[in-house]
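Hi,

Here is the structure I promised to pass on to you. Have a look around it first, then read my notes below.

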Amino acid sequence: MPIKNRFLPKMPAMTETTYPLLPLRDIVVFPHMIVPLFVGRKKSVSALEQERKKQRPLILATQKNPSKDDPTPEDIYKVGVFGKIIQHIELPDGTVKVLVEGQQRVKIIGYKDNAAFFDVAIEPLEQILPQERNETIALMRAILSQFEQYAKLNRKIATPEDMVSSIAKISNPAQFADSIAAHIHLKISDKQSILETIDVGSRLEKISKHIHNEINLLKMEKRIQKRVKTQMDKSQREYYLNEQMKAIQQELGDNEESGGDLNDLQKKIKKTKLSKEAREKAEGDLKKLRSMSMMSAEANVIRNYLDWLLSIPWNQHAPPHTNLKKAEKILEHDHYGLKNVKERILEYLAVQKRTKKIKGPILCLVGPPGVGKTSLGKSIAAATQRNFVRVSLGGVRDESEIRGHRRTYIGSMPGKIIQGMKKSKTSNPLFLLDEIDKMGSDWRGDPSSALLEVLDPEQNKNFSDHYLEVDYDLSDVLFITTANTLNMQQPLLDRLEVIRIEGYTENEKVEIAKKHLIPKLQDNHAIKDDEWSISDSAIRKLIQAYTREAGVRNLERELAKLIRKTIYQATVKKLKHIAISDKTIQSYSGVPKYRPSELPDTNMIGVATGLAWTQSGGEILTIESVTMPGKGKFHNTGKLGDVMKESIQAAISFVRSRAPSLGITDQFFESHDIHVHIPEGATPKDGPSAGIALVLAITSCLTRNPIDRLVAMTGEITLSGRVLPIGGLKEKMIAALRNDVKKIIIPKDNVKDLDEIDATIKDKFDIVPITAADEIFHHALINPIAPLTPQTQPLTARSDERLRPH
């Protein structure tokens, strides 16, 4: 039979069979324990009213789930205590603060149906004391010693000495156990288990076990904090919480999160089709990563490296495109003209269809701005069904931008090539290297030299990036580069298959505007075909009078300006349709910016028309020459380069050598100065191709023979009068066509280039090929001079006589 507790406090006589219940959250109240409670739930406040007004004893029991605001009987533990209210304060916000003291343990045996509050029937629980008093006293002393150690380790206990001293004075084993249980920090379920333990001896043993566990945890926490503190330095203090978590994981012997990440990396390495070298590198770095702290700087470097290595495509090829008709349709739809480029791409696809495997060509699209080089790259990607990657090289001066930075540097990363491969997600994308001629070089290296390996089909199979440190295969990549000029290193130029994209003719610009620019601008400005229209003659006038370019970029801006003004006029004046013609276009686009032709208005003495090539296309070059009394000096102005100055000297020397045949005396050169000027003095000019135009201007000035204003020419001369070939013939002919030139004089060696020029351009001119500078006197002067024959040419010394001293 159980022994009844002789130390139970005297309870008031209970005449009622049910008692109001106050459910508690996050706290278990033990007998002899005094705690403050804040009561705000309606049922709980009503239960307090029952105790205060009707003197009904209050039952305190803990909820199983503290987050429930409206618990049911199943959510409340069955064992609680009687509660005595010591103090009752009603707060302004409607809540009630009470100070309660726990008394005898009770067990809830039933609930009465009451909507206002929990009304419960209970039965008191009698405690069972141990029979061996000495054993109990010894256990109590051991627990007191444990509690003293626990109180010193636990910083949450403010005055551990006073608390231990007050508990040591308690001789009642049940009260001693409850006081200790009330002051140790345990889970609610553990405290409830202690409350439900009737046998005092078992209760003391449970408490001893819990205190022992808590002491071990506190010691471990202190050891972790000490370890973290020693590992940290000034630069790592901001990572304190992460270090503490790491130390906890080390103490538990279970680093699940980092282990899971490393396992994911292991799976990726197995799944990715790495090369043998890359796989060995990845597995070696992963093995090294497993043996080091995940929060160390080196671990972050290795982790980032593995992420990069596994994120780029390894042997992941997009299926090849074999439908040539579809590819041709895409190219024709996106761009007007550009026959050579389209033929080259279709040839590549045809060979790929037959061989199933071919190294990607390395094309270089060279042409003036605005002719569609970059957009053509996108169209080629669509036609070949390759992923498109664009890298702009304009202004790049660091070799590391191409090859990447070595891993030893902070913030290092791969170069633009490997970054582009990651973006493409396939091993055979179309890689557009834009503005390759705009790269620079300085003390950090020469990026154009780094591109030599990338753009060499024999070398790029083993491309080495400084960051990856393993070879990467670029042989399946279709590289396309763009440039305005071929002003680049000769070794780099040697690796490129150059395809020139010359400027557009006026007819081509009209077609591009109708088929591409206007539909695009209408979509951008949300205007429909029935709201406005522009005639072909208006487009031509826009091209002639408001733009001066080889491409169509400025033409697109002018058309956008027209559409904006059209929308404004239609909105303000509420017009349903606006038609723009060549007669009304000036009211929308303003005063014309250019004259239709820059040729002289009349045939003039000493004014010749040359043809020049610029980065923005062809231009006509007016060359003026005058003579004046003087001392035989020569002047040249117009911001000329060294090559053009030398060309002027060669032209003057040639004309002087022909002076007797032209009727010019030696005394004339001694008593007159010659001044050659090329207008637009703010624009730099250079090159040898204005040689024959210079000869004609000087000769016209000296002989007072006017020059035909409708004749333009281009060609380099030598001192012997030979005319050498020049470049950029198509661009120069387009410029001549734009300025209403009727006759063009070109070097005979450039006749072969006429085959690549469209007939719509050639048929507009009378093209005169020449081999000697003397021939221009017959074709360009108003009063023609017959070409000099060997009999009429001045005598010159034999080559062996030139070296003989006089």
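Below is what turned up, one region at a time.

Before anything else, keep in mind that this is a predicted model.

**The open sheet**

Let's start with an open sheet of 5 strands, which pair in parallel and come in the order β8-β9-β12-β7-β13. The edge places go to β8 (388-392) and β13 (497-500); each has a single partner strand, so one side of each has no neighbour in the sheet. From one strand to the next, the twist averages 20°.

If you zoom in on β9 and β12, you'll find that they run parallel and are joined by 4 bridges.

Helix α12 (residues 339-355) lies across β7 (362-366), β12 and β13, and runs at about 140° to β13. Then there's α15, which packs on the sheet and touches β8 and β9, with its direction at about 140° to that of β9.

Next, go to helix α16 (residues 447-454). Why can we call α16 largely enclosed by the rest of the structure? Because 7 of its 8 residues are buried. Those buried ones are Pro-447, Ser-448, Ala-450, Leu-451, Leu-452, Glu-453 and Val-454. And what covers them? The cover includes the helices α14 (400-403), α15 (416-424) and α17 (490-494), along with the strands β9 (430-434), β10 (463-464) and β12 (478-483).

**A strand with two faces**

In a regular strand, side chains alternate between the two faces of the sheet. β2 pairs with strand β5 (residues 96-112) in the antiparallel sense, over 6 bridges. In that pairing, Ile-34 sits opposite Glu-101 of β5.

**Two packed helices**

Last stop: helix α19 (residues 536-546) and helix α20 (residues 553-573). They pack at an angle of about 120°, and their axes are 10 Å apart. That angle makes α19 oblique to α20, and their crossing is right-handed.

Which residues meet there? From α19 come Leu-542, Ile-543 and Tyr-546, and they meet Leu-555, Glu-558, Leu-559 and Leu-562 of α20. Sorted by type, the contact of α19 with α20 has 6 nonpolar residues, no polar ones and 1 charged.

Key. Residues are numbered from 1 along each chain as its sequence is written. This is a predicted model: local features need pLDDT of at least 70, side-chain atom pairs count only at pLDDT 80 or more; totals for chains, interfaces and linings use all residues. Side-chain values use heavy atoms; hydrogens and water are left out. Buried means under 20% relative accessible area, exposed over 50%, partly exposed in between (1.4 Å probe, protein chains only). Contact means heavy atoms within 4.5 Å. Two strands pair if DSSP finds at least two bridges between them. Axes are lines fitted to C-alpha atoms, for helices over the stretch in contact, and angles run from 0 to 180 degrees between N-to-C directions. Angles under 35 degrees count as roughly parallel, over 145 as roughly antiparallel, 65 to 115 as roughly perpendicular and the rest as oblique. A crossing is left-handed if the near helix is turned anticlockwise from the far one by less than a right angle, and right-handed if clockwise. Ala, Val, Leu, Ile, Met, Phe, Trp, Tyr, Cys and Pro count as nonpolar, Asp, Glu, Lys and Arg as charged, and the others, Gly among them, as polar.
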